[in-house]
Amino acid sequence: MKEHRRTLALILALFLIVGLAGCSGGNSGNQQQASEGTTAPTDERTVSLTPDERASKDQIVIGIAQDLDGSLDPHQMATAGTREVLFNLYEGLVKPANDGNLIPAVASEYTVSDSADTFTFTLREGIRFHSGREVTVGDVVYSLSRAAGLNGGEALIPEFALVESVEAPDDRTVVVRIKQPNLEFLASLTAGIIPEGYDGAEGIPPEGTGPFMFVSRSPQENIIIRRFDGYWGDKPGMALIELKIVEKSETMLMSMRSGAIDFAAHVNWDWMQQLGDDFYAEDTYMNLVQALYLNNAVPPLDNMRVRQALCHGVNRQEIMDILADGKGYALGSSIYPAFGKYFIPELTGYYDYNPEKAMALLADAGLADGFDLEITVPSNYTPHVDAATVVVSQLETIGVRASIKQVEWMSWYTETYSNRQYVSTIVGVDAATMTARAMLERFVSDRHNNFINFVNEEYDRVFAEAIAETDEARQTALYKRLETILTEQAANVYIQDLCDYIAIRSGIGGYLPYPLYIIDMAALRYTR
Amino acid sequence: MRTIVKKTMAMMATLLAISILAFLAFQILPGDPTVAILGMNTSPERVAELRDTLGLNDPPPVRYGRWLSRFVTGDMGRSYSMNRPVAEQLAGKVQVTATLSAIAFVMVVLLSVPSGIFLARNEGGKADRVFLVLNQLLMSTPSVLIGLIFTYLFGLLLRVFTPGQFVHLSQNAGAYYAQMFFPALAIALPRSAMTIKLLRGSIASQMRQDYVRTAYSRGNSRAGALRRHVFRNAILPVVTFLALTMADIVAGSIIVEQVFVIPGIGRLLLSSISARDFPVVQAIIMMVAVLVVFVNYLADMINQLIDPRIRLG
């Protein structure tokens, strides 16, 4: 029996050793991966420092709720979260400023032809990539041709399908020609300029010209970026930034309180109360259109009066009062306030909260007894799930029996958004570029991403006119007409542009809100 | 020899069945890896092009066959969304999860075996009754909750550790193992409680057997009978149960990794499922499956060593 016991112990010990050895055997691979493309020694990792130690070294840890895209390729950005970060690493010929205008970046100046189909850029003198190499017109031509798929394949950036040619007549000038006049195309030229020859095959992000450079990445753990000392613009305040992935919101909150994280965007309003004096909040808008999007092809929502009834039956102010202490911007159409000249504030009041009117409209449509309405919501977006809960109780008042169906995001994307197998859904729709087109094109009848099945002959006609218009004032008027049609037709039940809270550790300043989903990390600095 | 061959064949068949089930599950799930790669702001032409590049347009049996033929040669393929070899992506994560699981497993054994014996010896006593209530409470508390309580209590109030920070083995080995303590304990507590309950029950039922009365009649004390005769019989179901626990611990670590911000395979698995990154998910499932099948096999062997009457076959 003793012998057996010894054998048993031996086997267990062997098992443990094999297990542990096997694990540490895989370790070398990880180190390689983590240090790939980096010159920073391990001690530059911010992980085990205290907030004070970080402050003395100009380092900051920013918490993000999900990992960035796999590729970190500026021409293939899939998620808003990736755009938000890569804004700091890559620059286009022009880049968005925080007032919503485009300012020169890799180009120092540009001209747009009167016909709005030729864009001429002068390369900025002395601008360098993160490796220190000077940017040439060859890099610019390569980058834009790659984004446009001019060397074979499809356009990597959909808007670039419009590009006809990219040429460099001399070593300081780049000329971009497009197939049809398009005033707004300039906004697409914010696409990152990368070194000639980069093909993304190795899964390593390319160099850029932005204020920060890539250091290392560990999937589902962090991304580390470092100040680029050769940057042409203002020197960033932070020397090193760790973007730490924390999926669970409770954990994010505790990590901030513990001192592990200094900055987190898109936090809940009630968090700020729990964070205490160590943090302060900046509030801005999320720059999206949150709405109860309606499948216009499904009865009874194919009846305009029913859709109008829903608009009168939802109390936007109450939603904001309950969920965000009254903050947010109530909307009446598919353009949010940051769009400035395109935004029509009056449309917000087009449908007032009026349950009697709503019920009268329903009765007109032969639905005096109300109807059942299923609202699909992607479960990972708390603001939309919460809004849905309030909407359900509001619609009860007008006799509409609404129910919530929570689905995983990928299911939402496939079933609801792509296959349009849904009745209604609450989500936020945003814009990749600051163009009215980015917001309004999706409602053209035969558009592949017209997920609400909106069909309106006038809309299609005006849209075609708008994108072909070369006079800015006239174009703006046409876009405003489109916006108004969406409201008149009650295409969707528009709710709000959500208030976005950013929690920042006291002692860190410089946060700049943008009209796009962006964090300008170069502006952040310690205020001593 | 024949039993080993038979056993190995059975293990292979199990693993094959698991891989087919995992593959089928992915066919049923709505969604497409191209979405995670290209996002919403893309053109249908790009999606079609990428689907073609990734080989997603081939019929399912062809795709499964392609995956299998590479997997058996040790090639786990490339992650769709990261565009990197899966093996490279898993390497560092496996180490972390394995360390966490191993510590949690040791904790389960260290906590449950002595406590189980102690309780069985004092069956019906005051300590036993108090312990049982506590045990029942622990058994029904999920690891996530224990983890959150630990983070709040030991992290924020007592400042024993810093929630949200993770130290790599290469940075500081001592800190690396130390930081695993609370996460491992959060995983181990509910499992220990179950093991204690099982062991206590198992010992108690053995104590009522005839051979124990015989042992008493030969002059053994209660402790002596327990040590010399009962324990070996009572431990058999516990060994089998511990083997199952191993699988459960790995599953538990998936959730606990999120609470403690530990970069292990659990978080990778969850994000890979939502990105429909099939090669990564399949690789993780197969690793866990191999572990579970192997541990079960090991448990059979250990049981046979303890009690030679049990024959492998």
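Me: Two residues are in contact if their C-beta atoms, placed from the backbone, lie within 7 Å. How many residues does the contact take from chain B and from chain A?

Reply: This is a predicted model. The contact takes 56 residues from chain B and 56 residues from chain A. On the side of chain B, the elements giving two or more residues include α2 (33–38), α3 (44–54) and α5 (86–121) of chain B. Which one gives the most? That is α5(B), with nine residues.

Me: What makes up the side of chain B that touches chain A, by residue type?

Reply: It divides into 26 nonpolar, 22 polar and eight charged residues. Gly counts as polar in that division.

Me: What share of chain A is buried, and what share of its contacts joins residues at least 24 apart?

Reply: Buried residues make up 49% of the 528 residues in chain A. Among contacts between residues at least 6 apart in sequence, 68% join residues at least 24 apart.

Me: Why is helix α6 of chain A called largely enclosed?

Reply: A buried residue has 20 or more other C-beta atoms within 10 Å of its own. Eight of the 10 residues of α6(A), residues 249–258, are buried, so the helix is largely enclosed by the rest of the structure. Among them are Thr251(A), Met252(A), Leu253(A) and Arg257(A). Just after α6(A), Gly259(A) takes a positive phi of about 100°.

Me: Why is Val385(A) called partly exposed?

Reply: Exposed means 12 or fewer neighbours, buried means 20 or more, and partly exposed lies in between. Val385(A) has 16 C-beta neighbours inside 10 Å, so it counts as partly exposed.

Me: Where does Val385(A) lie, and what is it in contact with beyond four places in sequence?

Reply: Val385(A) lies in helix α11 of chain A, residues 382–397. Leaving aside neighbours within four places in sequence, it is in contact with Val377(A), Ser379(A) and Gln406(A). Asp139(A) is 246 residues away along the chain, and the C-alpha atoms of Asp139(A) and Val385(A) are separated by 45 Å.

Notes. Residues are numbered from 1 along each chain as its sequence is written. Chains are lettered from A and ligands numbered from 1 in the order in which they are written. This is a predicted model: local features need pLDDT of at least 70, side-chain atom pairs count only at pLDDT 80 or more; totals for chains, interfaces and linings use all residues. Helices (H or I, at least four residues) and strands (E, at least two) are DSSP runs, numbered from the N terminus.
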